[in-house]
Amino acid sequence: MSDIAIRVEHLGKRYRIGGKQAGYRTFREALLDGLSAPLRWARGERQSYDTFWALDDISFEVRQGEAVGIIGRNGAGKSTLLKILSRITKPTTGRVELYGRVASLLEVGTGFHPELSGRDNIYLNGAILGMSRAEIARKFDEIVEFSGVEKFLDTPVKRYSSGMYVRLAFSVAAHLEPEILVVDEVLAVGDAEFQKKCLGKMGEVANQGRTVLFVSHNMAAVSALCKGGIVLQTGRMLGFYAVNEAINAYLTNVLNPLSRIHPKDRRDRQGNGKVQITDVKIMNQAKESLHQIPLNEGALSFQVDFEGQEGLRFVWVAIGIYDALSRCVLWLDSRALNLDINVKRGGNHVVCSLASGFSFAKGTYNVNVAVFESSDMLDYLPGATSFEVVDGDFYGTGKLSGGEPAIYVKQEWKSW
């Protein structure tokens, strides 16, 4: 007997963009449109539209009991792939074979009826997943306890917060013993404690011989939960690797190349456009721009240049520094020092200097930069630049600290 849980062969999904959208039409409108089509064609009228391949020629196999991460930037096709696997949408080309019952958690409140209580929705969602009432009743107390919404169990879920929604939805999907559990990034809605519970539960599901597909931008979570990883880039599959190799492939081929594009040339920026980040530099004490930094380099500075509409006030800059697992290791925020920036003619140059006696551990780091006015995002560049920290004699003693620290700091020890 085959131990394959999911088989995907030459999968493709094409969407039509542009042109007139059909929307909802009556039978009469559809009939008239069909009858008049030859006349429009004879007159040379054409409806122009473009096509977009969200997925293109994807093939892979996942074995029973495997936990696999699906990683890639926004727009890579991750959610489209999960929707096809969950039978929410049909593929344009290729085929999918699923061996076992599938439980999906793709959006907050998927499969919930807002007018029904949490209690009723547990039974409704379980029935949608193919469970009998007796099976749901057997797991009911576990579901409620895990979700933590006991006090609101008889309240209509339309009154739930997004966090309560996802707690109950995940609890139902994970406890009703599916052979295949498909989870998108909805867990980001929950708090840190619940995210930890969810990861633990998904690990438990995988250890019971069930299959887990997990989409996340949190590389630490992917590394902790999954044994393998599928890397997607603009709808195509870079490969199916062991999880650490997948993360490295993602960083090397997908994320880090962004940092090699000059900020002025980036087309994936977010924000309202009133300001544009024009340059991001990492500098040493000699004001030299660096991308490779020895452990003993000393004080570093981050310079952000931006241009925008003159007269913008109360502008502030945030710099997030992330390690290879996408964990934020340092957050720099100009508001912390009550620095209000007014946008001026010719552009602004903002520098944040780190104290000496501090260094990141060895490894590659990505730098995300955002500019805000009050709470409005003006411009945001993920992976605006990157840097690598390499070996160096940080303490000046020829020795390194043990314990693989995330940061190094100058130390003073005394004994008496």
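**Loop residues and their setting**

Tutor: Lys 287 has a relative accessible area of 56%, and therefore counts as exposed, since the limit for that class is over 50%. The model is predicted, and the values below are computed from it. Lys 287 sits in the loop that links β10 (275–283) to β11 (292–294). Its phi is positive, about 65°, although the residue is not a glycine. As background, most residues other than glycine have a negative phi.

With a relative accessible area of 64%, Thr 234 is exposed.

Another positive phi, near 65°, belongs to Arg 87, which follows α2. The helix before Arg 87 has a setting of its own. Helix α2 covers residues 78–85, and because six of its eight residues are buried, it is largely enclosed by the rest of the structure. The buried residues of α2 are Lys 78, Thr 80, Leu 81, Leu 82, Ile 84 and Leu 85. Asn 74 counts as exposed, because its relative accessibility is 60%. The C-alpha atom of Asn 74 is 9.9 Å from that of Asp 268, although 194 residues separate the two along the chain.

The cut-off for buried is under 20%. Two polar contacts involve the side chain of Asn 348. In one, a polar atom of this side chain lies 3.2 Å from the backbone oxygen of Asn 342; in the other, the side chain of Asn 348 reaches the backbone nitrogen of Lys 344, also at 3.2 Å. With neighbours within four places in sequence left aside, Asn 348 is in contact with Ile 341, Asn 342 and Val 343, and also with Val 304, Asp 305 and Phe 306. For Val 304, the C-alpha separation from Asn 348 is 8.2 Å, and the two are 44 residues apart along the chain.

Asn 368 is found in strand β17 (residues 363–373). A relative accessible area of 15% means that Asn 368 is buried. The side chain of Asn 368 makes a polar contact of 3.3 Å with the side chain of Tyr 380. Not counting residues up to four places away in sequence, Asn 368 touches Tyr 380, Leu 381, Pro 382 and Gly 383, together with Ala 318, Ile 319, Gly 320 and Tyr 322.

A helix pair supplies a further buried site. Ser 171 is part of helix α5, and at 0% relative accessibility it counts as buried. Leaving out residues up to four places away in sequence, Ser 171 touches Glu 142, Ile 143, Phe 146 and Ser 147. These partners belong to the α4 side of the contact, where Lys 139 also takes part; the α5 side consists of Arg 167, Leu 168, Phe 170, Ser 171, Val 172 and His 175. By class, the residues of this contact divide into five nonpolar, three polar and three charged. Helix α4 spans residues 133–147 and helix α5 spans residues 162–175; they pack at an angle of about 140°, and their axes are 8 Å apart. The crossing of α4 and α5 is right-handed.

The protein has eight helices and 19 strands. Of its 416 residues, 44% are buried. Among contacts with a separation of 6 or more, 71% are between residues 24 or more positions apart. The accessible surface comes to about 22,400 Å², and carbon and sulfur atoms account for 50% of this area.

Methods: Residues numbered from 1 in each chain as written. Predicted model: local features only at pLDDT ≥ 70, side-chain atom pairs only at ≥ 80, totals over all residues. Heavy atoms only, no water. Axes fitted to C-alpha atoms, helices over the stretch in contact; angles between N-to-C directions. Helix = DSSP H or I, 4+ residues; strand = E, 2+ residues; numbered from the N terminus. Left-handed = near helix turned anticlockwise from the far one by under 90°. Contact = heavy atoms within 4.5 Å. Nonpolar A, V, L, I, M, F, W, Y, C, P; charged D, E, K, R; others polar. Polar contact = N/O pair within 3.5 Å; in protein donor to acceptor, adjacent residues only side chain to side chain. Buried < 20%, exposed > 50% of the residue type's maximum accessible area, 1.4 Å probe, protein only. Areas by Shrake-Rupley, 256 points an atom, 1.4 Å probe, with all protein chains shown as cover.
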